Amino acid sequence: MENPIINILMVDDRPENLQALEAVLGSSGYQLTKAYSGEEALKWLLKKEFAIILLDVQMPGLDGFETAKLIRARKKSKEIPIIFITALTQTQDYAISGYDAGAIDFLFKPFNPYILKSKIEGFVKIYETKWQLQMQNELLQKQSKQLDEAHSRLEQLVELRTQELRKTNETLQKEIEEKQHILQLAQANEAKYRLLVEDSPVAIILHELHKENWTFINETGMKMLGGLHVKDVLSRTLYTFVHPDEHEVVKQRIERALHGEKVEDNELKLVRLDGETILAAVTIIPFEYLGNPAVHIVARDITDMKKTEEYISQSEKLSVVGELAAGIAHEIRNPLTSLKGFTQLLEYKDDTLNPYIPIMLEEIDRINTIVSELLLLAKPNAGDFRKVKMTDLLQNVVILMNAQANLQNTEIKFHTLVGEEQDYIDGLENKLKQIFINLLKNAMEAMKTGGEINLNMMIEDNLLRIQFCDQSLWNLRRGPGQNRAAFLHNKGKRNWIRFNGL
């Protein structure tokens, strides 16, 4: 008995897809008919009898599902196996819609040519079996018993094959569902990890070594490097943010990481986008990202911590120097007090004026002044600060220095534009007095032939301003009214804002 002609109808609106199907099935001896729409496919069904229909789902006009329903509605074509070939979603609901439309199987683009040929061969065998059955039915109409037995056997074979196909589809569907479940779990874990990384208090950076730019940086890292958006950082190269002095060091550390070594908490100078240099503790961890060598970088900004450590170290040194200075001053003042007392006693008991005694007393006072200045090295305690009335303090300084000024043909003038209740500041009265005395001494020493020193105090924008203006030759060249030294003090705070020594 001759084999029937196997007509296969291929329906797809894209010529390249039909060419691909023709390339796979053309060598199998099948008669291939191409239709470029659902409407054209229905016309071909009126002309020929087809063993199998390969039907695309997404087409203009009649789509695959609608075309399949119309094929199934026609008595002559309702038994033709329909295999959907689609690039759309592979969800269970989608598959059920296809089976409801009349599909017997699905292939998803891009399809495997081997699977396609295998499935076509299976359905062709079924078609050939049906065709042979029909032929035998015609030949054996007179032998009803044999025909019934043969028909029964064929139906069993068809049913068995159908059950096998259904089981195969069920197995594939279960595999799809399992893969989807695994994918959902992976996506959930990735979301949790990303949230953990984004909220991390330290900078976390991912750098693939075959790329110039960074692959990922969290928000903490973006802010640490002075970016307003993550793209501000990711659009630049790694070495944009590394201080030029550190480029070679970073290359060496990355090389060590590539050899499997974890480089931990190394200090590194980084340059922010605004140009500010910061100090960071950096850990470099080697790992593989999407099959490419990469490094996981964790960085902490330790700039403030380093400044604090330096400040504490400097404070400790100053404290030691202050304690040493206070000890030395104490040891000097003890014998100095005795010397001054006995010298004054000699002056009192001597009937005649001894010209050396005043000189001795003056030198003892000078030594005492030097010791007092040495004590300035001692760190003041918070309890030493108190309210100081600057008008009274400056007037006392002027009175104290007038005697020396007269000897040097110098006149000190004090001018104030500050009210009675405005000249109080929080400070150390004795040390302020010593500063102003030193400034007046410097001014008198600068004016070799004498002259006038103007000491001015005023309020400017809630700032207390104190000026020392002399008439030294250097200052005169700068023009009238120029000050040799000036202080600015915010009355609401303890520290001086600015000292300008000219």
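Lys 34 is partly exposed, with 29% relative accessible area (buried is under 20%, exposed over 50%, partly exposed in between, with a 1.4 Å probe and protein chains only). Glu 22 is partly exposed too, at 33%. The two form a salt bridge, with their closest N and O atoms 3.6 Å apart; the term means a side-chain nitrogen of Lys or Arg within 4 Å of a carboxyl oxygen of Asp or Glu. Lys 34 sits in strand 2 (residues 31-35) and Glu 22 in helix 1 (residues 15-25), twelve residues apart. Helices (H or I, at least four residues) and strands (E, at least two) are DSSP runs, numbered from the N terminus.

## About the model

This is a predicted model, where local features need pLDDT of at least 70 and side-chain atom pairs count only at pLDDT 80 or more, while totals for chains, interfaces and linings use all residues. Residues are numbered from 1 along each chain as its sequence is written, and side-chain values use heavy atoms, leaving out hydrogens and water.

Glu 429 lies in helix 13 (residues 429-446) and Arg 386 in strand 11 (residues 386-389), so the pair ties together parts 43 residues apart in sequence. Glu 429 is partly exposed at 23%, and so is Arg 386 at 44%.
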